[in-house]
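The following exercises are to be worked with the sequence and the three-dimensional model at hand. Each task is followed by a solution in steps.

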Amino acid sequence: MNRHRRYVCDTTELHLRHRGLHLRLRWLSLLIAGLLGVAAFGAQGDPALDARLKTLENELRCLVCQNQTLAESNAPLAEDLRKEVRELAVAGKSDDDIRAYLVARYGDFVLYKPPVKATTYALWFGPFVLLAAGIAVWVTVLRRRARMPADDAPDDASTADDGAAASRPRALLGE
């Protein structure tokens with residue numbers, strides 16, 4: 001019977017310890033939830049900053065997708081770049097400073113509309129040069145056709161041969 005009392009005391013003590021641990025865990029989880037809520041509320045923050053970041057993200061190109069802006073892309077690298085842009089903006093950098101930093105790091109390609117300079121001439125003017133070359137070739141071909149002499153018309157002998165050649169398959173088919 002003595003053993004039984006000891007067992008009851010141990011289980012009661014164990015139960016109290018467990019209950020204390022449970023209460024501590026509950027308070028800790030409430031504290032963590034509160035901190036996360038404060039962090040989420042702080043992240044929503046300034047609508048002017050969000051609008052500024054949205055404008056910047058629309059001016060920057062996703063380095064992975066290449067045909068999408070940073071705002072449109074869901075690539076992991078785009079998410080990292082958006083976070084980096086946000087950190088730079090929160091640190092007080094201007095839009096021009098942020099663009100200059102990203103261009104220094106990734107080159108003009110990171111800009112969705114790269115500037116016109118010697119290294120980007122082919123990008124800006126290449127399509128127009130190709131279009132002009134295509135038009136020039138087309139005009140040249142049309143002029144050559146117009147200058148062809150009219151005496152290249154087929155003669156009567158070749159026309160007669162064509163008529164015989166056309167009647168032979170019809171004779172074979174029984175028409």
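This is a predicted model: local features need pLDDT of at least 70, side-chain atom pairs count only at pLDDT 80 or more; totals for chains, interfaces and linings use all residues.

**Exercise 1. The overall fold**

Determine how many helices and strands the protein has, and state what share of its residues is buried.

*Solution.* Step 1: the protein holds six helices and zero strands. Step 2: read from the N terminus, the order of elements is α-α-α-α-α-α. Step 3: of the 175 residues, 15% are buried. Step 4: the protein exposes about 14200 Å², and carbon and sulfur atoms supply 62% of this area. Step 5: among contacts with a separation of 6 or more, 45% are accounted for by residues 24 or more positions apart.

**Exercise 2. The nonpolar core**

Identify the residues with the most contacts inside the largest nonpolar core, and find which elements give two or more residues to this core.

*Solution.* Step 1: the largest nonpolar core has 17 residues, and Leu60, Val85, Ile98 and Leu102 have the most contacts inside it. Step 2: α2, α3 and α4 (95-106) each give two or more residues to this core. Step 3: α3 supplies the largest share, five residues. Step 4: beyond its neighbours within four places in sequence, Leu60 contacts Thr69, Leu70, Val85, Leu102, Val110, Leu111 and Tyr112.

**Exercise 3. A residue in a loop**

Locate Thr69 and decide whether this residue is buried or exposed.

*Solution.* Step 1: Thr69 lies in the loop between α2 (47-59) and α3 (76-90). Step 2: its relative accessible area is 5%; because buried means under 20%, Thr69 is buried. Step 3: residues up to four places away in sequence aside, Thr69 touches Glu57, Asn58, Leu60, Arg61, Cys62 and Tyr112. Step 4: Glu57 is 12 residues from Thr69 along the chain, and their C-alpha atoms are separated by 6.6 Å.

Terms used
Residues are numbered from 1 along each chain as its sequence is written. Side-chain values use heavy atoms; hydrogens and water are left out. Helices (H or I, at least four residues) and strands (E, at least two) are DSSP runs, numbered from the N terminus. Buried means under 20% relative accessible area, exposed over 50%, partly exposed in between (1.4 Å probe, protein chains only). Contact means heavy atoms within 4.5 Å. Accessible areas come from the Shrake-Rupley method with a 1.4 Å probe; for residues, only the protein chains shown count as cover. A nonpolar core is a set of buried Ala, Val, Leu, Ile, Met, Phe, Trp, Tyr and Cys residues joined through side-chain atoms within 4.5 Å.
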